[in-house]
Amino acid sequence: MDYKDYEDIDVQESQNLGFDFKGFLFKALNLWKLVLLCIGAALIVAYFINVRKQNIYRLDSLITVNNDQNPFFTANTSISFNWGGVSGKVGSILTEIKTRTHNELVVDSLEYYKQYLVEGKYNLIDIYRDAPIEVITDKSKPQALGIPFGIKIIDNSSYELFCEFENDKVQGQFYDTKDRISINVELGEFKKVFKFDEIVNLPFFNGKVSLRPIVDIPNNKIFFVRYLNFDSVVDRYKNDINIEPFSNDASSVLRLSLIGKNKSKIVDYLNATSAILSRTELERKNLYATNTIKFIDSSLRSVNNDLKAVTDEMNEFRKVNKVFNVEQEISQKSEQLKGYDKEKLVEESKLNYLNNLEKYLRNKNDYTNIAAPSSVGIDEVNILSSVSKIIALSIERKNLEYSTKEGSILFDELDRRIDTEKSVLLEAIDVTKQTIGIQLNTISRKIANLESELIGLPKDQQEFLKIQRKLDISREAYDIYQEKRGEAAIVKAANVSDINVIDEAKDIGNAPIGPKKSLNYMMALMIGFFTPMFLIFIIYLLDSTIHGSDEIMKMSKIPILGLIGKYRYKNNLVAYEKPKSAVAESFRAIRSSLQFIFKNNPSVHRANTLMVTSSVSGEGKTFTSINIATVYALSGKKTILLGLDLRKPKIFDDFDITNEKGVVNYLIGDSELTEIVTNTHIENLDLITSGPIPPNPSELLMGKRLKELIFTLKDQYDIIILDTPPLGLVTDALELTQYADATIFMVRLDYTKKGMLQLVNAKYRTGELKNISFVLNFYKHKSNHNYGYGYGYGYGYGYGYGVYGNTYHERDNQSFIKKAKNFLRRL
């Protein structure tokens, strides 16, 4: 056989060592108890999770977004305007619902940072409005966070407040400013009796406890109150609340939904959300009118002061000069002057408004506080339109700040649009200011002409006319501003919110949507099944031991001679002392199989020689050697068992003899053959022990004396059994193969490593091992354990191999992994 042939054989064996899915399946079936145990444990865990979880509910409400136009909206009263149509409002509402600012308003209005709890079977349960007590919180003082305060009702007038502190510092929060601080408390339990409605000031609780007006007061009933971090509560509701279009056909109808454990809290939160949303939307809609009213009020204060001052001046003048009237002709000219003064006042008011507006646009970044231009009589279309657009864009940018990070491209787009509108508005202001300036010059000339006609009047009458004109103008200005303010107030009062509730949230016995108990059980079933299967898979991949005859047939061409089952007995003489046992029968079957090998390979001598070896210690060489020799002797064959394991002798123990003399003595010339042969109590069976342990066992086995010994024994016996050292550990066994007519290689299932068969295969291919066969030890006949070989016994032995295995390998204390692996094997 050339090198290419060996290479082809190696490739074939490597392919045979690929993943065996069928073997893995039967491995899993063999460990069905472990899989069942894991599934049971997972289901138990799922059960305890399910019984501890509270029901989860989902409730919803419907709102609509309209575009209600103010009935008082006209071109002259443009103090209310469209914010971009229904679609723009819907987008704004969808954003606002998920903002922190909105949810802060809702949580603060409902005080959801405060919980009323009772002791449940497994945990504290939130009872919300079902609590017979009400805690009025002093928001200006800190409350301890996360610690349930027990309130035990003693009677209708008193209660006991108690709690326990495990640390001397706890976190507290002021609910007016939302600031948090560290609070010093005393370790241990706190208990104190208070009266209902009594103000309580403690380091960790500040407020009072009142009884709700209910019929039955449960005495000695214990309730708990717990304060939560305001920001955390807001963040939870911000994430949990959901808003979406009700349908594609009705995009202006929105569905609000929320999930939680207490249906009453869900109902209140959804309805409060709708109410606050409607209120803030109306405030936004009234923003233009509100700013206009503020502007007019400030102007009214100034005009009122002027009117009072001029009135006082007129009264003082009349008192001193006794002038109460002028001639009719002069009075007519005065009326004309008053008309011009009124026109001048209106134009100056417009110019003053435009100057302030220009200054505001150039120096401010928030453009939501601009008053309506119509409040001073400005009806320029470009100015009205630009102001409306700038305010709308500014409000849209403010809303975007709650849901979008600074630096977003959305801000850049809005800022660009605002700058564009601002440029248009500033240009329109310049043009309008020029026009007003021309009109003011014209009015001033007309006033000057009329005043020149009155210059011939007496000085007291001229002074009277001047004061009278100032008084009339102040009254006119006051009336104008009062009219504009009334107009703005009417517009504001007539405004209605564009958000209306179609269907309020309500508890109508909604079934819980969670917890998904069936899903939890299904997940537990999957985890309980796949976790051990994965572990079995890992163990199967890492397992390098041989577990069945099918594995041997895949890895080697060497035939299997026989099977030996497990059998617990006090010594190795099972075939002699228990001849009717299944193990004894298996050795007789091996003896029959050996006869075919010996017939096909006849020896030139009288005796046939059988060598028994293995890969490492503890695989059953000595046990097999003794029992095969026994069954041959019992069949009438003159048999000798030769102990050639010179390093760790063993076979003498079972025959109650010593190991003082043996093969070693013969090989070194210290004893003759007759001196080392021992007749055993088994008829036809003689024994030669190994003798004392020599310093050079390999050299002794390679000497001529052993060859002479074997040839001498071949002439005196019918069968020679050689008990040899492990083939995988030392080279002694290879030296003995020249004397063997047949070789048995012991494979102990669940013990022998697969890699050892590669060594045997290699020596078999090179011809170093001839007429070799496998004998499987510790065989268990189970359909799910050894599906490739249908023959075996359900019995066996388990004697003495732990000690024997220690002779060649020093055994350390087993690790936890090895112990677990052995436990899994025993399942």
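Reader: Where do Asp240 and Arg236 lie?

Author: In this predicted model, both sit in helix α6, residues 230-240. They are four residues apart, about one turn of the helix.

Reader: What makes Asp240 and Arg236 a salt bridge?

Author: Their closest N and O atoms are 3.9 Å apart. The cut-off is within 4 Å, so the pair counts.

Reader: Are Asp240 and Arg236 buried, partly exposed or exposed?

Author: Asp240 has 29% relative accessibility. Arg236 has 38%. Buried means under 20% and exposed means over 50%. Both values fall in between, so Asp240 and Arg236 are partly exposed.

Reader: Why is Lys114 called buried?

Author: Lys114 has a relative accessible area of 7%. Buried means under 20%, so Lys114 qualifies.

Reader: What makes Asp108 and Lys178 a salt bridge?

Author: The N to O distance is 3.5 Å. The limit is 4 Å, so this pair counts too. Asp108 and Lys178 link distant parts of the chain, 70 residues apart. Asp108 is in helix α5, residues 100-110. Lys178 is in the loop between β8 and β9. Asp108 is partly exposed, with 26% relative accessibility.

Reader: How many salt bridges does a search of the whole structure find?

Author: The search finds 21.

Reader: At what angle do the axes of α5 and α6 cross?

Author: They cross at roughly 115° and come within 9 Å. Angles of 65 to 115 degrees count as roughly perpendicular, so α5 is roughly perpendicular to α6. The crossing of α5 past α6 is right-handed.

Reader: Which residues make the nonpolar surface patch?

Author: Leu519, Met522, Met523, Leu525, Met526, Ile527, Phe529 and Phe530. The patch covers about 740 Å².

Reader: Why is Phe530 called partly exposed?

Author: Phe530 has 49% relative accessibility. Exposed means over 50%, and buried means under 20%. The value of Phe530 lies in between, so Phe530 is partly exposed. A residue in a patch needs over 30%, so Phe530 passes that cut-off as well. Phe530 lies in helix α13, residues 517-542.

Key:
Residues are numbered from 1 along each chain as its sequence is written. This is a predicted model: local features need pLDDT of at least 70, side-chain atom pairs count only at pLDDT 80 or more; totals for chains, interfaces and linings use all residues. Side-chain values use heavy atoms; hydrogens and water are left out. Patches are made of residues with over 30% relative accessible area and no salt bridge: like charges are joined within 9 Å, nonpolar side chains (Val, Leu, Ile, Met, Phe, Trp, Tyr) within 5 Å. Accessible areas come from the Shrake-Rupley method with a 1.4 Å probe; for residues, only the protein chains shown count as cover. A salt bridge is a side-chain nitrogen of Lys or Arg within 4 Å of a carboxyl oxygen of Asp or Glu. Helices (H or I, at least four residues) and strands (E, at least two) are DSSP runs, numbered from the N terminus. Buried means under 20% relative accessible area, exposed over 50%, partly exposed in between (1.4 Å probe, protein chains only). Axes are lines fitted to C-alpha atoms, for helices over the stretch in contact, and angles run from 0 to 180 degrees between N-to-C directions. Angles under 35 degrees count as roughly parallel, over 145 as roughly antiparallel, 65 to 115 as roughly perpendicular and the rest as oblique. A crossing is left-handed if the near helix is turned anticlockwise from the far one by less than a right angle, and right-handed if clockwise.
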